[in-house]
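Keep the 3D view open and follow along.

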Amino acid sequence: MIRERHLFGPGPSNPYPEATRALAEPLLGHLDPEFLRIMDETCDMLRTVWGTDNARTLPLSATGSAGMEAAFVNTVHPGDVVVVAVNGLFGQRMTDVAARCGAEVVAVEHDWGQPVDVDRVLSAHPSPAIIAAVHAETSTGVRSDIAALGAGKGDALLLTDAVTSIGGIELRADDWGVDIGYAGTQKCLGVAPGLAPFTINDRAFERRVEKPRSWYLDLGMLGGYVGEAGVKGGQRTYHHTAPTAMVASLHGGLTRILDEGLDAVWARHQEAGDTLQAGLQEMGLELFAAEGSRLPELTTVRVPDGVDSAGVRKELLERHGIEIGAGAGEHATSVWRIGLMGRNARPDAVLLVLAALEDVLDRA
Ligand SMILES: *Cc1c(COP(=O)(O)O)cnc(C)c1O
C-alpha cells in the first residue's frame, strides 16, 4: 500500500525512522530483562506524552478502537448514564461501544465540523457516571476543549479519546482532569498501527467494574503485565505475550519525539497545519472544520463543485505518491482529509502536498 515515501492520509502515516528501525532489530523474548527495560521506559515516556503521573499507563496490545473498548468495558456498570459528545465518527463509535457495555447513553449530537459544545454536554444530564469526548476528531479535523469538560465534570469520570492528539497537539491529561484516556500509535506518534497507549487514574480505577465482560482488556489483570499496576520494576505476571517488536517500535518513536522535545513537536505540527491551511485557502479551496477549532495535524477541505473527489485522490496517489483521505460519513465525497502527522508534519511535506494538489486540480 505504501507506494512512495510520502503518505499524508489520516491512517498510518510515514513513520519516524527510529520506529521502523526498531522493528528490524532481532526479536526479544517478552520476559527478557532487556525487553522489560524497554517496556518500563515506554510506559514512562507514555506518561510524558499523556501529561500524566498515572501509574497505570501502558500500551495495550491492540489498536485505538480496543483502547476505546477497554476504557468503557472497565468503567461502565450496567445502567450507568454515560454522556457522549458526538461531533464525528469516533464520538459515534463511543456511543455504540458504551451501549454494548450496558450504559444508558445520552448522546449530545453536534453538526460535524463543529467542536464539542461544553455547556450542552455538561448540562445534558444532572449526574452522569461518565462524560466522554474525542479530543481530536479525525473524521472532521476538529479540536475540542477537554480542559473545559474536566473543569465542569463534577463527580463524573472524564473519558477522553486522544488517538489523533497524542504527540501532535497539546495534551495534559492530569491538568485537564482526564480520568481515563486511550490513544493510538499510528497517528501523530508516527509508529505503525497496533498499540493503544492507555492511561487511567486511581479515582477511575477504584470505581472500575470488578469483572468486566472482556477477559483480554480487564485492567485489573493487566496491571501485572507491565509490573505491579504499571509501577516500574514491579512483579510481572504472565497475562498475554507482549508484542515485543511493536513495543520496541513505540519506544523508538517516543524516544524520537522526546529527543526533539514535546513543545517543539507540537509547534512543528502547528506550523505545518497553519501553512497547509493558508496555502489551501490561497488556492481558493474552502476548509471544512470550524475556524478556531481546526486541528493542524488533520485538515479537512471541501471538494470544489464539479470535481471528482475519488479521481483526485487516485491521481495524487498514482502520480505523486501522496495519499489523502476521503471524507467520513455523509461527507465521504464532499470533503478531503489531509493528515500531516508525526514525521509528515514538516515544511517540505506541506509544499509538496500543495503543489501536487494544485497540479492534479489543474489537470482535472
Ligand atoms: C483512528 C482513530 C481511532 C481508532 O483507532 P484504530 O487504531 O483505527 O482502531 C479512534 N479515535 C480516533 C479519534 C481516531 O482517529
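How far is an oxygen atom of the ligand from an N or O atom in the side chain of threonine 138? The distance is 2.3 Å. Before going on, some ground rules: this is a predicted model, in which local features need pLDDT of at least 70 and side-chain atom pairs count only at pLDDT 80 or more, while totals for chains, interfaces and linings use all residues. Residues are numbered from 1 along each chain as its sequence is written, and side-chain values use heavy atoms, with hydrogens and water left out.

Back to the ligand. Lysine 187 also brings a side-chain N or O atom to 2.6 Å from a ligand oxygen, and glycine 64 has a backbone N or O atom 3.0 Å from an oxygen of the ligand. Taken alone, the ligand exposes 380 Å², and the protein buries 89% of that (areas come from the Shrake-Rupley method with a 1.4 Å probe; for residues, only the protein chains shown count as cover). The residues around the ligand, meaning those with a heavy atom within 4 Å of it, include Ser65, Phe90, Asp161 and Thr164.

Threonine 164 deserves a stop of its own. You'll find threonine 164 in the loop between β7 (157–161) and α7 (173–176); helices (H or I, at least four residues) and strands (E, at least two) are DSSP runs, numbered from the N terminus. Is threonine 164 buried or exposed? It is buried, because its relative accessible area is 0% (buried means under 20%, exposed over 50%, partly exposed in between, with a 1.4 Å probe and protein chains only). The side chain of threonine 164 makes a polar contact of 2.7 Å with the side chain of threonine 138. A polar contact is a pair of N or O atoms within 3.5 Å; within protein, one must be able to donate a hydrogen and the other to accept it, and residues adjacent in sequence count only if both atoms are side-chain atoms. Leaving aside residues up to four places away in sequence, threonine 164 touches, among others, Ala136, Lys187, Cys188 and Met341 (contact means heavy atoms within 4.5 Å).

Now for the sheets. Seven strands make an open sheet with mixed pairing, in the order β1-β9-β8-β7-β4-β2-β3; two strands pair if DSSP finds at least two bridges between them. β1 and β3 (104–109) are the edge strands, each pairing on one side only. From one strand to the next, the twist averages 15 degrees (axes are lines fitted to C-alpha atoms, for helices over the stretch in contact, and angles run from 0 to 180 degrees between N-to-C directions). Helix α2 (residues 33–50) packs on this sheet, touching β1, β8 (180–182) and β9, and its direction makes about 110 degrees with that of β1.

Five bridges join β1 to the antiparallel β9 (residues 196–200), where proline 59 has proline 197 as its bridge partner.

The other sheet to find is open and antiparallel, with three strands in the order β10-β12-β11. Five bridges link β10 to β12 (residues 335–339), and leucine 298 stands opposite glycine 339.
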